[in-house]
Amino acid sequence: MEVALITVGDELLSGDTVNTNANWLAARLADRGVSVTRILSVPDDRETIAERVAAYGDAFDRVIVTGGIGGTPDDVTVEAVADAFGRDMTVSELARADVEERLAEIATRIPDRDLDVDVDREAALPKGSRPLLNGAGLAPGCVLENVYVLPGIPEELKAMFESVADEFAGERRSRFLYTVEPEANIVPALEEAMERYEVTVGCYPDREAGHNRLKLVGTDDGELVAGSEWLLGAIDASETPVSRDWGDGDDADEPTNEDSDRSTPDRSERDPPRTG
């Protein structure tokens with residue numbers, strides 16, 4: 001399965017907000033074997049959003065659009081998705097009931113706060129779409145054909161994605177190796193591994209951790225294991241994180257195995273830190 005991500009918001013393009021949603025979604029989808037082959041940020045412009053949604057909807061198995069749903073003037077994402085499919089907006093009774101229930105809960109928690117919410121506007125979705133109720137917020141998302149519209153607030157995004165996560169699955173698998181060998185010295189071995197086995201290999205230098213992280217990706221478990229084992233024998237690599245003092249000369253400290261009692265590092269070791 002190939003998926004494209006579209007993150008909506010002027011604040012993303014101006015640098016006011018870090019795009020942690022795309023990073024989080026890409027990681028969750030990769031965990032499910034899905035290939036994310038496009039990540040695009042677009043402004044809060046209805047025509048631009050509609051154009052990209054229409055194009056990506058034709059090109060990819062699934063499209064996830066995040067941000068720009070709600071009741072403020074710059075929230076035009078849901079309307080833009082309706083435009084992309086030539087649909088009218090209509091009030092979803094399921095979404096309307098949920099919005100009213102959420103508002104009642106808020107009124108109970110904060111009785112001195114008078115919320116002026118246009119419930120019908122909040123509950124309006126493209127005709128024929130499937131509502132996605134917002135258990136962590138107010139504005140609903142939706143699914144229209146192969147396009148999933150999710151909130152931009154990270155907590156709401158995560159909760160809503162989990163409600164549809166089982167609809168995303170693929171065959172991509174990955175394994176991680178670590179080496180203290182300079183990147184230039186291992187290029188021939190990485191190229192040969194990809195020639196010998198049905199895998200791709202990426203090399204990601206990490207000076208802070210003191211190693212190069214190798215990521216092998218494939219769709220066949222046997223090929224992935226074979227490629228990993230071949231690389232372990234071809235270069236000075238380890239299945240667990242190793243490190244060295246990356247000094248100016250070649251006589252730097254010898255590598256040290258930081259976690260020799262495990263063959264599979266957890267995500268905090270395997271992947272760079274993520275925020276949001």
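**Entry 1: α3 and α4**

I started with a helix pair and found that α3 and α4 cross in a right-handed way (right-handed means the near helix is turned clockwise from the far one by less than a right angle, left-handed means anticlockwise). Helices here are DSSP runs of H or I with at least four residues, strands are E runs of at least two, and both are numbered from the N terminus.

Before going on, I noted that this is a predicted model, where local features need pLDDT of at least 70 and side-chain atom pairs count only at pLDDT 80 or more, while totals for chains, interfaces and linings use all residues. Residues are numbered from 1 along each chain as its sequence is written, and side-chain values use heavy atoms, with hydrogens and water left out.

Next I looked up the geometry: helix α3 (residues 46–59) packs against α4 at an angle of about 50°, and the axes are 8 Å apart. That angle makes α3 oblique to α4. My note on the words: under 35 degrees is roughly parallel, over 145 roughly antiparallel, 65 to 115 roughly perpendicular, and the rest oblique. Axes are lines fitted to C-alpha atoms, for helices over the stretch in contact, and the angles run from 0 to 180 degrees between N-to-C directions.

Who touches whom? From α3 I listed R46, I49, A50, V53 and A54, and from α4 T77, E79, A80, V81, D83 and A84. Contact means heavy atoms within 4.5 Å. By class, I got seven nonpolar, one polar and three charged residues for α3 with α4. For the classes, Ala, Val, Leu, Ile, Met, Phe, Trp, Tyr, Cys and Pro are nonpolar, Asp, Glu, Lys and Arg are charged, and the others, Gly among them, are polar.

**Entry 2: α2 and α7**

The axes of α2 and α7 come within 11 Å and cross at roughly 25°. So α2 is roughly parallel to α7. I also checked the hand, and α2 passes α7 in a right-handed crossing.

On the α2 side I found T20, N21, W24, L25, R28 and L29, which meet P154, L157, K158, F161 and E162 in α7. That contact splits into six nonpolar, two polar and three charged residues.

**Entry 3: α8 and α9**

Helix α8 (residues 183–196) packs with helix α9 (residues 221–234) at about 150°, with 10 Å between the axes. This time the angle makes α8 roughly antiparallel to α9. The crossing of α8 past α9 is right-handed.

I wrote down A189, L190, E192, A193 and R196 from α8, meeting E223, W230 and L231 from α9. Five of these are nonpolar, none polar and three charged.

**Entry 4: the cavity**

How many cavities of 30 Å³ or more are there? I got one. A cavity is a set of points, on a 1 Å grid over the protein atoms alone, where a 1.4 Å probe fits but cannot get out; a pocket is an open set with protein on both sides within 12 Å along at least five of seven lines; lining residues have an atom within 4 Å of a point.

The largest cavity has a volume of about 90 Å³. Of its 13 lining residues, G70, V78, R121, E122 and A124 are closest to the centre. Elements giving two or more lining residues are α4 (77–84), α6 (119–122) and β5 (124–126). The lining has seven nonpolar, two polar and four charged residues.

Note on methods. Points joined across faces, edges and corners; volume = space filled by probe spheres on them.
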